[in-house]
Amino acid sequence: MAKITMRQAITDALREEMIRDDNVFIMGEEVGVWGGTYAVTRGFIDEFGEKRVRDTPIAEMVIGGAAAGAAMNGLRPVAEFMTINFAFLALDAIINHAAKVHYMFGGHIKCPVVFRAPGGGGRQLGATHSHTPDAIFAHFPGLKVVSPGTPYDAKGLLKSAIRSDDPVLFIEHATLYQLRGEVPEGEEIIVPIGVSDVKREGSDVTIVAYAQGLSVAMDAANQLSNEGIEAEVVDLRSLRPLDMGPVLESFRKTYKAVVVEEGYRSYGIGSEIAARIQEEGFDYLDAPIKRVAQLEVPLPYSKDLEQAALINAPRVIEAVKEIV
Amino acid sequence: MDKSILMDWYRQMVLIRRFEQRCAELYQQGKIGGFLHLYIGQEAVAVGTIAAKADGDHVITAYRDHGHALAVGSDTNFVMAEMLGKATGVSKGKGGSMHLVDVERHFWGGYAIVGGHLPLATGIALAEQYKETGNAVLCYFGDGSTNIGYFHEALNLASVWNLPVVWIAENNQYGMGTAVDRASAVSELIKKASAYGMEGQRVNGMDVLEVYESSKAALDRARSGQGPQFIEMMTYRYEGHSMGDPLRYRTKDEVEKWREDDPIGVLERHILQDLDVDKDSLETIDQEVEQQIEEAVIFAEESPLPAAEELFTDIYVEA
């Protein structure tokens, strides 16, 4: 089977959906002539024209708001924030508008917009360009938040997001663009939003992860296997709606869990997962649920310092060994 | 202008005013909760602009939205029911005074974050341009919105993309309690429009005829591909920003001075003096409006509250 990068998977999903539905269009900073600062939309402006591949000014409030408005009025915009850090400027458009109009107006308005946003640390971009603020966005009902960890899921989730009648934030971890994975050619790949997935089976401990954390978790699980510890790795894929089914099913088998995320530990995804495991699986709890997350510091520039704050396989292995 | 049209505008303005006066009473009685922002004094702007729009044109506004909802023709029963938080309300009781809506009439609602709906208007207009419908968008906002980032980003992009939007700045002299010249570097808001390639026009927003004529021309230009238009409507709200406004920022004399140009009074004088209409005809309209509002209040009061399970509906289209 063909192995392609996550970048290619995202590009393919966008292209396929644009061919399938004329109402799908792309807008954002440098998505057109430049071809996307992460090269995801390279060549699109030649293929689809300026009407459907729209360069915007550097103005995130209107990128977010105008995409929402176009979606309300019948189009299917895929609005790209050059990075999720810049989406902070559009928080109001995303949270107070895109995610609210359906409920606030009694179901009379729908807003089928997709916001794409690359993010994450580990690239020496300094404190303001390295956030993994997924939990902030996942906090609010009305918005769907997904973040794939494999090329296959990236392609399938993005296609679901574009076809969804609800607003979806599609978070791409920038260090995963080069990640290769199997994605069958010539067949329709759809991954439903709100469905977690077991990426590795094991019986000794449950590792819950997503996005770049999935790569870290899989690395750790493979190393642990050499030492005779078999971890089951559950990939959340969607943060809202959150599918706890496979997590709890795994936990009832292993009685122990480690949650891995690149965001901060406090008020994070791990906090949420840990709370839900104890609420819904208390009788199976054999050990404290461990959280492996970013250290509570603004990310520094200097390479080793930055890496020291981020998650990695040794930290996951250490957490597992504390409870197994 | 045809007499029947002017009589209809008179009816609409009286309806908006009496509707809101009744809302103020219901608010004092505790039947309307939350915030209540009255449009009284500004009626000519909503009525005159919306009269100028074609069926396919869109309307979107801020939280002072009762006038726009009634002017697009939303059913007074359902609007009043929304004010009272009832299941029969235009937003099923989930929006309230600030979030009226009527998508069938292309009214995209009232929005409560200052400036937040301006980019939505840009996007709604983009969809019309994209689909090549020839429809335009009327986007209303107060003078206070022109100082927020949203305003500048939304106007800029609409101009860059040559979108069919008519920006209606309702300059009622105050953003909450702060006078325009205390909050804006330039007091003439049309100067801000010029930064985004629009000539802009300042209009007497107390005269529904002037409002209509300027809006009609602007909508025609927007529809014919001449890009976004900007009209600054000079107007005034007689009541406070919301209920419970101490009104320390202006004098009674100032309010009285504006009342001399009351939009309903101006039109009434025009109808009585220049057209062959007697006072009884207008009083008949007044009484019919009273009746309509009374029926709306009864409808709203008798309507059921939203069912408990409504709490969890419409969060998402797809569960």
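The legends below describe close-up views of a predicted model.

**View 1. The two domains of chain A.** Chain A is split into domain 1 (3–182) and domain 2 (197–323). Their C-alpha centres are 26 Å apart. Domain 1 of chain A contributes 29 residues to the contact, and domain 2 of chain A contributes 26 residues.

**View 2. The seven-stranded sheet of chain A.** This open sheet of chain A has the strand order E3-E2-E4-E5-E7-E6-E12, with mixed pairing. Strand E3 (53–55) and strand E12 (238–240) of chain A form its edges, each pairing on one side only. On average, neighbouring strands of the sheet are turned by 20° against each other, direction ignored. Within the sheet, strand E4 (residues 76–80) and strand E5 (residues 114–119) of chain A are paired in the parallel sense through three bridges. A:Glu80 has A:Arg116 in E5(A) as its bridge partner. In general, strands of a sheet pair through backbone hydrogen bonds, either parallel or antiparallel.

View 3. E13(A) and E14(A) run parallel and are joined by four bridges. A:Val259 is partnered by A:Arg291 of E14(A).

**View 4. Helix H12 of chain A and its surroundings.** Helix H12 comprises residues 313–323 of chain A, and its buried residues are A:Ala313, A:Arg315, A:Val316, A:Ile317, A:Ala319, A:Val320 and A:Ile323. These buried residues pack against strand E10 (205–209), strand E13 (257–264) and strand E14 (290–294) of chain A, and also against helix H8 (212–226) and helix H11 (303–309) of chain A. At the start of H12(A), the backbone nitrogen of A:Arg315 has a side-chain oxygen of A:Asn312 within 3.0 Å.

**View 5. Strand E4 of chain B.** Strand E4 (residues 165–171) of chain B is mostly covered, with seven of its seven residues buried. In a regular strand the side chains alternate between the two faces of the sheet. One side of E4(B) carries B:Val165, B:Trp167, B:Ala169 and B:Asn171, the other B:Val166, B:Ile168 and B:Glu170, and all are buried. Strand E3 (residues 137–142) of chain B runs parallel to E4(B) and is joined to E4(B) by six bridges. B:Val137 sits opposite B:Val165 of E4(B).

**View 6. Nonpolar cores.** The largest nonpolar core contains 85 residues, and A:Ile273, B:Tyr111, B:Trp167 and B:Phe230 have the most contacts inside it. At least three residues of this core come from each of domain 1 (3–182) and domain 2 (197–323) of chain A. A second, separate core has 67 residues, including B:Leu26, B:Ile32, B:Leu70 and B:Ile271. In soluble globular proteins, nonpolar side chains tend to be buried together.

**View 7. B:Gln12 in helix H1 of chain B.** B:Gln12 belongs to helix H1 (residues 3–28) of chain B. B:Gln12 counts as buried because its relative accessible area is 16%, under the 20% limit. Leaving aside residues up to four places away in sequence, B:Gln12 touches B:Val47 and B:Ala71.

Definitions and conventions
Residues numbered from 1 in each chain as written. Chains lettered and ligands numbered in written order. Predicted model: local features only at pLDDT ≥ 70, side-chain atom pairs only at ≥ 80, totals over all residues. Heavy atoms only, no water. Helix = DSSP H or I, 4+ residues; strand = E, 2+ residues; numbered from the N terminus. Buried < 20%, exposed > 50% of the residue type's maximum accessible area, 1.4 Å probe, protein only. Contact = heavy atoms within 4.5 Å. Pairing = 2+ DSSP bridges. Axes fitted to C-alpha atoms, helices over the stretch in contact; angles between N-to-C directions. Polar contact = N/O pair within 3.5 Å; in protein donor to acceptor, adjacent residues only side chain to side chain. Core = buried A, V, L, I, M, F, W, Y, C linked by side-chain atoms within 4.5 Å. Domains from an automatic or database assignment.
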